[in-house]
Amino acid sequence: MGSLPGVTRKFSETEEGVRPLRNWLSSSQYAAFEAAGTNAHRIFSSAEGWIERFGEDLLVSYKEETGLDALLEALPAWRAETAYEPRRIFGKLLPRQNDDRVAPVLLSGDGELPLETVVTENGMRFALDFAAGYSAGLFIDQRANRALVRRCRPKKLLNTFAYTCSFSVAAALGGAETVSIDLSKKSLDRGRENFALNGLSTDGHRFLADDVQDVLPRLARRGEKFDCIILDPPTFSRGNKGRRWQVESDLEGLLTSALELAAPQARILLSTNCARFTRRSLETVAKFALKLTRMSGSFHNEPEPPDVPFGSNAQTVWLNLR
């Protein structure tokens, strides 16, 4: 059986004797996800790669070919423990440069099956497409934050860099009006599909295929206010007219613009995958923006997900305005 460097071990007894499981989701945690109506989650994580379950399919993300081989060798032991049998296994290389990102490739299973599928998260339904690009359509490390949005039932939610609009779905299921902004019309079309999958009409919901940095000032001039705002920008991107976005230098300005749209006691999610940001640095950015706008607030974090170890997920913090 292959091994992955830096991975702690636990052991269980089987008919074959003692074998390593190496940071795999336990059978009881797996059962808890099933009971909660969630079939999109991690089953393994390490510094070298991870495996995610998306319904009947598995996606193996890896940094080196040797890591992929080790993960595939270890997988049958976990499958035997949970009685989970994937219909397909996809592989995705984790590149050093964003420009090198490619869509997952099929490693095993029926190549004639559609590459589109539907997964569930706490009863919500989301469409995935393994052929759509580097990301299939749902970031599972935001599960707890989506649950908070649904639980707090905002009246109006602003979802910036909305991608396939999973936060908007969570808010709409709680009765909110939503505004979803993303440069990609295709992503927003997939967002509309997610609304339909959850029995939601798109009436009263706006999907704006535009640059967030252009839209926020327009919303402010109209006097619009939101009691929940999602700020989950990419680390790097190009906006309208080739305008460069870099989260390290532009996050503070984004938050300052968002604060102009915040209703009293609004909740604002700050989130980033940029490796140079920690929760503390996100809070520092937020404190500076609050000072500029003469506003005040406190910070909150949802509990860490049981399937995604701290440090291998997006850094997030909720800013609760006073």
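This is a predicted model: local features need pLDDT of at least 70, side-chain atom pairs count only at pLDDT 80 or more; totals for chains, interfaces and linings use all residues.
Two packed helices are described by the angle between their axes and the distance between the axes. For helix 3 (residues 143-152) and helix 4 (residues 166-173), the angle is about 30 degrees and the axes lie 7 Å apart. Angles under 35 degrees count as roughly parallel, and helix 3 and helix 4 are therefore roughly parallel to each other. The crossing of helix 3 past helix 4 is right-handed. On the side of helix 3, the contact is formed by Asn145, Arg146, Val149 and Arg150, while helix 4 contributes Ser166, Phe167, Ala170, Ala171 and Leu173. Sorted by class, the residues in this contact of helix 3 with helix 4 comprise five nonpolar, two polar and two charged.

A further pair consists of helix 7 (247-259) and helix 8 (279-293). The axes of helix 7 and helix 8 are 9 Å apart, and the packing angle is about 50 degrees. Helix 7 is therefore oblique to helix 8. Helix 7 also passes helix 8 in a right-handed crossing. From helix 7, the residues making the contact are Leu251, Glu252, Leu255, Thr256 and Leu259; from helix 8, they are Leu282, Val285, Ala286, Phe288, Ala289, Leu290, Leu292 and Thr293. Ten nonpolar residues, two polar residues and one charged residue make up the contact of helix 7 with helix 8.

The nonpolar cores are considered next. The largest nonpolar core contains 33 residues, and the members that touch the most other members are Leu158, Ile229, Leu255 and Ile268. At least two residues of this core come from each of several elements, including strand 11 (177-182), helix 6 (212-221), strand 13 (226-231), strand 16 (262-272) and strand 18 (315-321). Helix 7 supplies the largest share of this core, with six residues. Leu255, named above among the residues of helix 7 that make the contact with helix 8, is one of the core members with the most contacts to other members. For Leu158, when neighbours within four places in sequence are left aside, the contacts are Val179, Ile181, Leu216, Leu219, Phe226, Cys228, Ile229, Ile230 and Leu261. A second, separate core has 31 residues, among them Val149, Ala170, Phe195 and Leu200. Of these, Val149 of helix 3 and Ala170 of helix 4 also take part in the contact between those two helices.

Two residues were examined for their backbone angles. Most residues other than glycine have a negative phi. Arg153, although not a glycine, has a positive phi of about 50 degrees. The residue Arg153 is found in the loop between helix 3 and strand 10 (156-160). With a relative accessible area of 55%, Arg153 is exposed. Cys165 likewise has a positive phi, of about 70 degrees, and is not a glycine. The loop that holds Cys165 runs between strand 10 and helix 4. Cys165 is buried, its relative accessible area being 0%.

Ser281 is placed in helix 8 and is partly exposed, with a relative accessible area of 21%. Along the chain, Ser281 and Gln315 are 34 residues apart, and their C-alpha atoms are separated by 9.8 Å. Arg79, in helix 2 (residues 65-82), counts as partly exposed at 22% relative accessibility. From Arg79 to Ser27 there are 52 residues in sequence and 9.6 Å in space, C-alpha to C-alpha. Apart from neighbours within four places in sequence, Arg79 contacts Tyr84, Glu85 and Pro86.

Gln29 lies in helix 1 (residues 27-35) and counts as partly exposed, at 29% relative accessibility. Although Gln29 and Asp307 are 278 residues apart in sequence, the C-alpha to C-alpha distance is 8.3 Å. Pro95 lies in the loop between strand 6 (88-93) and strand 7 (105-109) and is partly exposed, with a relative accessible area of 24%. Pro95 and Arg322 are 227 residues apart in sequence, and their C-alpha atoms are 42 Å apart in space. Beyond neighbours within four places in sequence, Pro95 is in contact with Asp100, Arg101 and Tyr134.

Definitions and conventions: Residues are numbered from 1 along each chain as its sequence is written. Side-chain values use heavy atoms; hydrogens and water are left out. Axes are lines fitted to C-alpha atoms, for helices over the stretch in contact, and angles run from 0 to 180 degrees between N-to-C directions. Helices (H or I, at least four residues) and strands (E, at least two) are DSSP runs, numbered from the N terminus. Angles under 35 degrees count as roughly parallel, over 145 as roughly antiparallel, 65 to 115 as roughly perpendicular and the rest as oblique. A crossing is left-handed if the near helix is turned anticlockwise from the far one by less than a right angle, and right-handed if clockwise. Contact means heavy atoms within 4.5 Å. Ala, Val, Leu, Ile, Met, Phe, Trp, Tyr, Cys and Pro count as nonpolar, Asp, Glu, Lys and Arg as charged, and the others, Gly among them, as polar. A nonpolar core is a set of buried Ala, Val, Leu, Ile, Met, Phe, Trp, Tyr and Cys residues joined through side-chain atoms within 4.5 Å. Buried means under 20% relative accessible area, exposed over 50%, partly exposed in between (1.4 Å probe, protein chains only).
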